[in-house]
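This report goes through selected local features of one model. The sequence and structure come next.

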Protein chains: 4
Amino acid sequence: VVEKLTTSLGEYERRARGLLPSELFDRWFGSRDDPLWLTNTNNVDGYDRVFLRPRVLAAEPAVGLSTAVLGIDVDSPVYLAPAGAQGRFNPEAELASARAARSAGTIFALSSASTYSMEEVREVSDGPLLFQLYVLKDRGLTSELVKRAENAGYAAIIVTVDEPATRSGERDGASNALRESRQPKGLKSHTPTTPFGNLRGTGINSEEDMLDAMEARLNWAVIDWIRGITDLPLIIKGIQVPEDARLAVDHGAQAVVVSNHGGHSLNGAYPTILSMPEIVDAVAGEAEVHLDGGIRRGTDVLKALGLGARAVAIGRGMYWGLAVGGEGGVKEVLDVLQEELYLACLFCSVTDIRAVDRTLVRLPR
Amino acid sequence: VVEKLTTSLGEYERRARGLLPSELFDRWFGSRDDPLWLTNTNNVDGYDRVFLRPRVLAAEPAVGLSTAVLGIDVDSPVYLAPAGAQGRFNPEAELASARAARSAGTIFALSSASTYSMEEVREVSDGPLLFQLYVLKDRGLTSELVKRAENAGYAAIIVTVDEPATRSGERDGASNALRESRQPKGLKSHTPTTPFGNLRGTGINSEEDMLDAMEARLNWAVIDWIRGITDLPLIIKGIQVPEDARLAVDHGAQAVVVSNHGGHSLNGAYPTILSMPEIVDAVAGEAEVHLDGGIRRGTDVLKALGLGARAVAIGRGMYWGLAVGGEGGVKEVLDVLQEELYLACLFCSVTDIRAVDRTLVRLPR
Amino acid sequence: VVEKLTTSLGEYERRARGLLPSELFDRWFGSRDDPLWLTNTNNVDGYDRVFLRPRVLAAEPAVGLSTAVLGIDVDSPVYLAPAGAQGRFNPEAELASARAARSAGTIFALSSASTYSMEEVREVSDGPLLFQLYVLKDRGLTSELVKRAENAGYAAIIVTVDEPATRSGERDGASNALRESRQPKGLKSHTPTTPFGNLRGTGINSEEDMLDAMEARLNWAVIDWIRGITDLPLIIKGIQVPEDARLAVDHGAQAVVVSNHGGHSLNGAYPTILSMPEIVDAVAGEAEVHLDGGIRRGTDVLKALGLGARAVAIGRGMYWGLAVGGEGGVKEVLDVLQEELYLACLFCSVTDIRAVDRTLVRLPR
Amino acid sequence: VVEKLTTSLGEYERRARGLLPSELFDRWFGSRDDPLWLTNTNNVDGYDRVFLRPRVLAAEPAVGLSTAVLGIDVDSPVYLAPAGAQGRFNPEAELASARAARSAGTIFALSSASTYSMEEVREVSDGPLLFQLYVLKDRGLTSELVKRAENAGYAAIIVTVDEPATRSGERDGASNALRESRQPKGLKSHTPTTPFGNLRGTGINSEEDMLDAMEARLNWAVIDWIRGITDLPLIIKGIQVPEDARLAVDHGAQAVVVSNHGGHSLNGAYPTILSMPEIVDAVAGEAEVHLDGGIRRGTDVLKALGLGARAVAIGRGMYWGLAVGGEGGVKEVLDVLQEELYLACLFCSVTDIRAVDRTLVRLPR
């Protein structure tokens, strides 16, 4: 089932950088010169501080990469993160990504701030879908989004809790530069009447509107309220410390995502991979722990699994895939990670990713 | 109240470097090639070794950045360090900085070696002012400076104790180069008859005179003497080890400033942020602990607060602001840090900076 | 016996890089830009984290570099690793390397995937030879290889256990590029009808055939089977963790080679030199421990010996020697390491390499 | 007494690099590209891992830099290391260095391999002199050198124990290149009939002769023999581990020099400054501990003193001084370090360098 690798996420990044207007690329993915992106670099570099401990001579007939995420059977522990505004990178946007995830046998998570609506995405994919929710000040509208996700057969609600409805103005400055130089180099982007497919007809028609609409005062009472309005599994995304992971479990979450928003929120946050051990200990098996941020290689995925992640999500890789090749690009990015994970398992004598534990990993002293 | 960020201290540094004669810039702010400035680099890099521990879902209606520094209510824990000779960077010099501090709702600290006198500064600002004292060999003149500060309504006396009246000749060499190339690129600087506004008529008319006039033999008896001649709160600036912090408290200081003179004194000193924990422990709440050195981001400020600082002071940022835009430049520098601190608080669920403690911070192992 | 040094492995690497087509060089030896080669860099850099503890004033009449490896008396603890396809680098291939090892008084290990057959190699050298075995799916053929090695007087069987018959497609991509640019700059390479001298007549005529033929499902039962079909000493190559080293001993191995395949298998593995202490402890003197990966200097060899290695093997250095100067090049590479080891022993007052122990070494904290 | 600094050892290094043939500079002082010089880089970088702990407000009327080294009163704890062949850098060679040391109020140590003889050096200086001894195979000649040193009023014998009469051939290769390009850029060097002033008439007329003449089999019995033939204090130079420091004391040494021969012997040795604490502990006050290697700044000197050094010696700095300005150059190099040490003491409230201890220093964790 695994095809031959001829590329890598690093190669995809280089190709996307060549295709995209540099203002868009830098705002979305950052550059070494920009300290605002230090967190992302931290995330990536964090994996180099964790080493695998490869075992030998324990091969079984096959390597099993399939697992269950929130009870959903998937072919791979790598799923697509709920990253918004995919129309900026490809006119097919989330439709392309969802199709790619489905054909890779994994989960697609749809952002509240997606270009296409959750129903449009469901129309093109009968695969497993998750809905990411930004809580809005208008609770009626928020509740309606949850209900629509239920009706469209989304399997869980991801509540993002690390985005307090404010963006750094420095990046907004970059954003202005972006508006003035909208001539993508060979990139065909989607320009819908509203940037937010899920919010058509709500009057939320711009990024500024969206920031105004979002609830800036999130607290655990809000989580309890969401827990009360749906029976879907609840995933709390944006956890960085064990105390909050424990609270998430106590407030009924089925999973937490260890995430610093890919470096887009607090500058200089701790690498997510290095936060894993204490968070996994705090959760104590009572919920799943997912991780995102800085995944570039199959070995990164295996390290995360070794430290207790049930699954990992990718954001930048998906965008690069979209920009480079639409659905085919995203599919290849997923295939690359799956193949690399397969190789990493082979090289470590891992025969079933569900069975790995911390003995697979050497933590920094 | 907080306006949108469109710049950063890094951007101000770049702009100031473009405007100032390179001899002046390098002497005042240093360059990577010059080992004398290693301490400053250490200071800046120290923040990257401390990580914030962002909490989520604990939002309150507002984020409070106001605090009290020595009983003075301020809108921000960031104040302007007592940095001398501001006339080299802008003809308005300390007048501009004091106005900027006032409109930012924070404290301006005036150097003994300021271009304008303490009375001239008071004339343009009814905001909170502190007076920094270099102890002079002439104790009568020293005492007179303290009395003038009292009369002009300065709120505290900062005694700088890490400047033993001697400058490295290597920098003096640079200084000679400076004199020979006084054509600022587009910079209008102030050339008063005496460089030291507070010392007009004393015969101290040059840097050399000032070094001669300063007391090189500072000891705790001098502190006791100052403590005896004024009822103003006393701040000891230039503390680097807990033993001295403890002594400062025992000799009646209301605050200590953890500082290595921004790298201008001992080459290769320890990053101030990393000295904080043991100093804060030694002070044991009996005085305020302030910090300066290497602050470039709001996250730096929050880290310092997490480690027990009541306030932090900025020097280089103020000079850059002055050089780039005078009062408006300094004001924007203060606004940038305030906005970034606000964002950092949002991203960490901090609702009142007065309530942060070490649980907010992950120290290097 | 030791001649004057006038070169180094670093110099050989530079010369080989100048001679070889860059596609071949990069695929075989890697480049800094390619993350697949991170492990090799890790290996090399690992030595810089271990320091020698030089003793003085303990000189004896001579420095003894000779030792016994699996009962074989050798003049040096540095032997040639079983690295395949040497015909790509010199038409004399393994014949040249084997002759060089013999004249340097050390062991030559022949790869299963060698250009020349084990009998051809034996014909040109009566020195000590080891045979490296890739276990093939066809056990009859595997067994036949072992018997041929016995008959040709090979002294031990090295079973490589870290190569699960799969290559990263990214490197395969590089390999395709290689085929298209086969014009070596001044390099005369060997192009036999089959690339695998040991496998003539078996129908295994290409790299693809070889990967198909290799057993991908290695486990300890396979080791037991090999142990059962030969009385030759058994060396397990590719051990990275102490658990596996212990298992190797328990399954009858006379030696283990701590190796991550020179960074060619799992990307980002731990530096082999740093894995030594815990593996040596696990083996507890019941078998020899060898090491390969990143050896560039005599001091590297001495560090490995200090941490408990009986011998070390070099791969890249041998290829560079072959490419630069055939037999003479490989001989000089061996001489350089021997001379550098001799100097390192002199500078540390080591008089017999068989007597060194961990007191010679300062491990990273 | 201390004059204004207008330069630094870094500046002297740059100037010397500009003046000297690059082959000579690289062979003597090394370059970043040459791994053989890694030890020297380690030495230099080691100081950056140790931090001073500056005290404040403890000033006394004066800062005392004078101390006693082996009972000799000196104005500074920095002396000139016994570095040979100074005629390559200036025709005045050791005469110039000895005069500079004398006028700086410190010790000059003369190498066995000096250009001028010990008597010629004594003729130009009545300051304190030490004689460094390479033990020769010809013990009669060795004994004669010691007696001549006694007669010429040298105050102690330094026995160098880390130079086992063998040089790396890689550097010899560089040395050959040196011979072929003897046109110094603006450098007037000394070309005596024999390179070794102390050995005229012995038949030792070249570097090769010297290596042949030197005893390669140094052991403690040799030290005992030297201890027996002279009553002068004995200094063992080249100690890197506490076991050997202890042995030196037990064999009657009055001082040990922690040294790795400035990186000229074993490649990749441990930074001397970091070896200090355990060696000082082992010596337990029963002998003086000196240090060389990597001293570039007054703060480096103060760190060494804080870790227990009685004195430090400089080699490269002296050569650079010689090359740049002969006696005046060496004097300025000594003045620079003395002035920087004075400043470092001021900034740390050190009033007498004889009183510093480890509380002055923060060691790496």
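## A buried tyrosine and its ring partner

B:Tyr319 has a relative accessibility of 7% and therefore counts as buried (under 20% relative accessible area; exposed is over 50% and partly exposed in between, with a 1.4 Å probe and protein chains only). B:Phe89, at 0% relative accessibility, is buried as well. This is a predicted model in which local features need pLDDT of at least 70 and side-chain atom pairs count only at pLDDT 80 or more, while totals for chains, interfaces and linings use all residues; side-chain values use heavy atoms, with hydrogens and water left out. Residues are numbered from 1 along each chain as its sequence is written, and chains are lettered from A and ligands numbered from 1 in the order in which they are written.

A pair of aromatic rings is described by the distance of the centres and the angle of the planes. Over all chains, the search of the whole structure gives 36 aromatic pairs (rings of Phe, Tyr and Trp, the last by its six-membered ring, with centres within 6.5 Å; planes under 30 degrees apart are stacked, over 60 edge-to-face and the rest tilted). In chain A, A:Phe89 and A:Tyr319 make a tilted pair, with 4.7 Å from centre to centre and 45° between the planes. The pair joins distant parts of the chain, 230 residues apart: A:Phe89 is in the loop between strand 4 (78-80) and helix 4 (93-103) of chain A, and A:Tyr319 is in helix 13 (residues 316-347) of chain A. Helices (H or I, at least four residues) and strands (E, at least two) are DSSP runs numbered from the N terminus. Both A:Phe89 and A:Tyr319 are buried.

In chain B, B:Phe89 and B:Tyr319 also form a tilted aromatic pair, at 4.7 Å centre to centre and 45° between the planes. Here B:Phe89 sits in the loop between strand 4 (78-80) and helix 4 (93-103) of chain B, and B:Tyr319 in helix 13 (residues 316-347) of chain B, 230 residues apart.

The chain A pair belongs to a cluster in which ring pairs link A:Phe25, A:Trp28, A:Phe29, A:Phe89, A:Tyr319 and A:Trp320. A:Phe25, A:Trp28 and A:Phe29 are among the buried residues of helix 2 (residues 22-29) of chain A, together with A:Leu24 and A:Arg27. Just after helix 2 of chain A comes A:Gly30, with a positive phi of about 80°.

In chain D, helix 2 (residues 22-29) has D:Leu24, D:Phe25, D:Arg27, D:Trp28 and D:Phe29 buried. D:Gly30 follows helix 2 of chain D and has a positive phi, near 80°.

## Arginines over rings

A:Arg362 lies over the face of C:Tyr270, 3.7 Å from the ring centre; a charge sits over a ring if NZ of Lys or CZ of Arg is within 6 Å of the ring centre and within 35 degrees of the ring normal. C:Arg139 lies over the face of C:Trp225, at 5.7 Å from the ring centre.

In chain D, the axes of helix 4 (residues 93-103) and helix 13 come within 7 Å and cross at roughly 20° (axes are lines fitted to C-alpha atoms, for helices over the stretch in contact, with angles from 0 to 180 degrees between N-to-C directions). Helix 4 and helix 13 of chain D are therefore roughly parallel to each other (under 35 degrees; over 145 is roughly antiparallel, 65 to 115 roughly perpendicular and the rest oblique). Helix 4 of chain D passes helix 13 of chain D in a left-handed crossing, where the near helix is turned anticlockwise from the far one by less than a right angle, clockwise being right-handed. Residues making the contact (heavy atoms within 4.5 Å) include D:Ala93, D:Ala96 and D:Arg99 of helix 4 of chain D and D:Met318, D:Leu322 and D:Gly326 of helix 13 of chain D.

In chain C, the axes of helix 4 (residues 93-103) and helix 13 (residues 316-347) come within 7 Å and cross at roughly 20°. That makes helix 4 of chain C roughly parallel to helix 13 of chain C. The crossing of helix 4 of chain C past helix 13 of chain C is left-handed.

## Loop residues

Most residues other than glycine have a negative phi. B:Ala85, although not a glycine, has a positive phi of about 55°, and B:Ala85 lies in the loop between strand 4 and helix 4 of chain B. B:Ser349, also not a glycine, has a positive phi of about 60°. B:Ser349 is in the loop between helix 13 and strand 12 (361-362) of chain B and, at 18% relative accessibility, counts as buried.

D:Arg354 lies in the loop between helix 13 (316-348) and strand 12 (361-362) of chain D. At 56% relative accessibility, D:Arg354 counts as exposed. Leaving aside neighbours within four places in sequence, D:Arg354 is in contact with D:Ser66 and D:Thr67.
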